Amino acid sequence: MKHAGAWNMLTAAVCVALLGCLQAQELQGHVSVILLGATGDLARKYLWQGLFQLYLEEAGKGHSFRFHGTALTNTKQGQEIIAKVLESLSCPRDTAPGRCAELKAQFQQLSEYRRLKTPEDYLALSKDIEAWVQHEGLQEAGRIFYFSVPPFAYADIARSINSSCRPGPGAWLRVVLEKPFGHDHRSAQQLATELGSFFQEEEMYRVDHYLGKQVVAQILPFRDQNRKALDGLWNRHHVERVEIIMKETVDAEGRTSFYEEYGVIGDVLQNHLTEILMLVAMELPLDISSSEAVLGHKLQAFRALRGLQRGSAVVGQYQAYRGQVRRELQKPDSFHSLTPTFAGILVHIDNLRWEGVPFILMSGKALDERVGYVRILFKDQAYCAQSEKRWVPAQSHCLPQQIIFYIGHGELGGPAVLVSRNLFRPSLPSASWKEVEGQPGLRLFGRPLSDYYAYSPVREQDAYSILISHIFHRRKDSFIAMENLLASWVFWTPLLDSLAHEVPRLYPGGAENGHLLDFEFSGSHVSFSQPPLEQLVPGPDSAPMPSDFQVLGAKYRDSPLISAWPEELIARLAGDIEAAAVRAVRRFGEFHLALSGGSSPVALFQQLAMGHYGFPWAHTHLWLVDERCVPLWDPESNFQGLQAHLLQHVRVPYYNIHPMPVHRRQRLCAEEDQGAQAYAEEISTLVTNSSFDLVLLGMGTDGHTASLFPQSPVGLDGEQLVVLTTSPSSPRRRMSLSLPVINRARQVAVLVMGRMKREIALLVSRVGREPRKWPISGVRPDSGQLVWYMDYDAFLG
Ligand code: BG6
């Protein structure tokens, strides 16, 4: 009974070989599979086997097939390699040896090797296919081109296929592409545009072989089939954390030229682990078989990802890597690689379902074991009144509750889905999943295997065989759509940029790693648990210490100056703002804070959002110092920055939030809509004497502050509290508090950060009050206090 499926398949395949039987089938057309790079590693290891599998499964259902292995290798050599590969193919487990030989012989007969190099070669292939189809009296159904070649070859091949090897009208074309798809957002975009000029998106199948892994492919169906049990659990109220892990024992030897360009993040995290993250985190579509719905929901989840910062990652490099790179890439002994071979990343998803839940993504080469899994650990929210010895594992809510999608390898040795028995009994399709037999003594994630409902596939299948079958059946949901790919690069590129000069922690490899790569997280920050032992890769020249500068920095333009390294500076400013807020609320019952936008305050917003539990948010009014004339939801909007980094994490009452009205009557900053006047009125009504408790400003490299720009007289004096101005850079139209209202504030803090500000900081330190040339020089509170907050880069260069 168990093997009925396999037998049907074999009978069907044999059927094809017998002509009479073939005629009894309804003819569905001829399919040509062209495997480019047919003599390469991937093809030899997985793709030929996958094609054989496809043939076994489909040939009896009415399609006819031919398989054209192609490469640049000359014909004789290529034929020899392919002959060997075809000989080594394996049949389904229960096929009798004689039968297997027969099936392989049929497949070999339908397979050929040919050199495919010039556009003429492509044309010749196309002609051969047409001639074959005609000769056999068949109809052409379509052509699959599987690109198992390095990406630099993509464009030429794509051009040749498009110009000389497309099937005729009525037949389809599918091209299958293997990663890497670029090494950052820009290169991915370029590749996408290039390929898009030859193929329709619908014709392209971008492979992420993890989507073909049986357990990964089961995540959405599992969520779908267990909706009832999971509906209430799959959220921030119940999930403690999610771990998405791929550990490898192998290292990068033999692949360093590839690895140097991609590192572990480009090789594994940007694709395999990100795809899994999406499958876990996305909202579940009603119809999970709709690839459009799945894509739409994935993109929505991508948009909710909190941007990664330098502090979101820890990176390492196994010690032998550097030597391997030097040998393989012929580098001198002085060469140091900064490429990470290990990364631990902390991801947050800022939506209602997942806010606050840490998602840990981790992968590395040369680790102590090979294993891949997704672990969803639920919160321990129970108290058990009985003593522990009386707890019954299947019932006690005081034992860990977890769901594990065990992708493979590790202690369990194969793929499985595990659900703690004290959680619920899951439903899995019984035709393809069976209960795992007990393995006494085996413990997983802290509990004996017997504590879990555990299921494994009835028939283990290789990811590539599954994906090849999905290509044939046009199941696009198992592939990476262009928008998905670009969204993933948008997420990862800033982290890659910020790690470009980071020295990874060296680790010896294997079991010797000990606890060296353990890491911890708090808030949005992750760090290694152990202090570094020894820095074997020298970092950039040793930087000066804050103590070197302590003599400096008491005054700047006759006002107090606080100068420190960025983190310390931001912590100090956040502390000062909180102290001002507490004072104001104690005295007046409310605190009016006007904030600038741009990039410098982002770290401040994050600091305030994370660590300041004593901040009287419920009594704080938030105002904007300036705004760009774009809708409030536009990523360029200052309000949007405030919303993303602060407002959504704290509890400021809705009626205390005062965005600038730049968007009225569906127009942006139209004079006649009187937005500036309306904001001024709101200030006069709510803020006593229009005197803010604290105004946070920045200083531009041209000396502008708020949106008051040099050589533009608007807002520098006069009665107006709020003005419309023009910026030299886009978006040009702005709304801004005027200098007089800024100078009426009780406190003004100017935050200046980064080396780019060095020159203007030096210049402004020497000039008098000349707001027309340098609006920042006009900031002199009438009776309040001005404090400068400058980091060492800005202050000392
Ligand atoms: C590939 C990476 O995509 O996946 C390799 O390029 C990695 O570096 C491999 O070893 C892991 O795949 P699997 O199927 O062996 O887990």
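Me: Which residue forms a salt bridge with R572?

Reply: Happy to start there. In general, side chains of opposite charge can pair when their charged atoms come close. Here the partner of R572 is D576, and their closest N and O atoms are 3.3 Å apart. Keep in mind as we go that this is a predicted model.

Me: Where do R572 and D576 lie?

Reply: Both belong to helix α17, which covers residues 566–588. They are separated by about one helical turn, because they sit four residues apart in that helix. R572 counts as partly exposed, at 43% relative accessibility, and D576 counts as partly exposed too, at 24%.

Me: What is the N to O distance in the salt bridge of R159 and D156?

Reply: For this pair it is 3.1 Å. The two residues share helix α7, residues 154–164, where they are three residues apart, or about one turn of the helix. R159 is partly exposed, with 40% relative accessibility.

Me: Which parts does the pair of R255 and D267 tie together?

Reply: Let's take the contact and then the location. The side chains of R255 and D267 meet in a salt bridge at 3.9 Å, N to O. R255 is in the loop between β7 (239–247) and α12 (256–281), while D267 is in helix α12 itself, so the pair connects parts twelve residues apart in sequence.

Me: Is D267 buried or exposed?

Reply: D267 is buried, with a relative accessible area of 5%.

Me: Now for the cysteines. How many disulfides does the count come to?

Reply: The general idea is that a disulfide is a covalent bond between the sulfur atoms of two cysteines. In this model the count is three disulfides. One of them joins C91 to C100, with an S to S distance of 2.0 Å. Both C91 and C100 are buried.

Me: Why is the disulfide of C91 and C100 right-handed?

Reply: Look at the torsion about the S-S bond: for C91 and C100 this is about 85°, so the disulfide is right-handed.

Me: Which cysteine does a disulfide join to C384?

Reply: C384 is bonded to C398, with 1.9 Å from S to S.

Me: Is the disulfide of C629 and C669 left-handed or right-handed?

Reply: The torsion about the S-S bond of C629 and C669 is about -90°, so the disulfide is left-handed. C629 lies in the loop between β25 (626–628) and α19 (638–645), and C669 in the loop between β28 (667–668) and α20 (675–686), so the pair ties together parts that are 40 residues apart in sequence. The S to S distance for C629 and C669 is 1.9 Å. C629 is buried, with a relative accessible area of 7%, and C669 counts as buried at 6%.

Me: At which residues does UniProt place the domain "Glucose-6-phosphate dehydrogenase NAD-binding"?

Reply: The unreviewed UniProt entry puts that domain at residues 34–216. Over that stretch the chain is 48% helix and 20% strand, with the end C-alpha atoms 27 Å apart. The unreviewed entry also places a feature named "domain: Glucosamine/galactosamine-6-phosphate isomerase" at residues 566–788. There the chain is 31% helix and 20% strand, and the end C-alpha atoms are 13 Å apart.

Me: What pLDDT does the protein average?

Reply: The average is 92, and 94% of the residues score at least 70. Residues 1–25, however, have a pLDDT below 50, and this stretch has 29 contacts in the model beyond near neighbours in sequence. Residues 534–553 also stay under 50, with 26 contacts beyond four places in sequence.

Technical notes:
Residues are numbered from 1 along each chain as its sequence is written. This is a predicted model: local features need pLDDT of at least 70, side-chain atom pairs count only at pLDDT 80 or more; totals for chains, interfaces and linings use all residues. Side-chain values use heavy atoms; hydrogens and water are left out. A disulfide is a pair of cysteine sulfur atoms within 2.5 Å. Buried means under 20% relative accessible area, exposed over 50%, partly exposed in between (1.4 Å probe, protein chains only). UniProt positions are given in the numbering used here, feature names are shortened, and annotations may be inferred rather than shown by experiment. pLDDT is the predictor's confidence in each residue, from 0 to 100. Contact means heavy atoms within 4.5 Å. A salt bridge is a side-chain nitrogen of Lys or Arg within 4 Å of a carboxyl oxygen of Asp or Glu.
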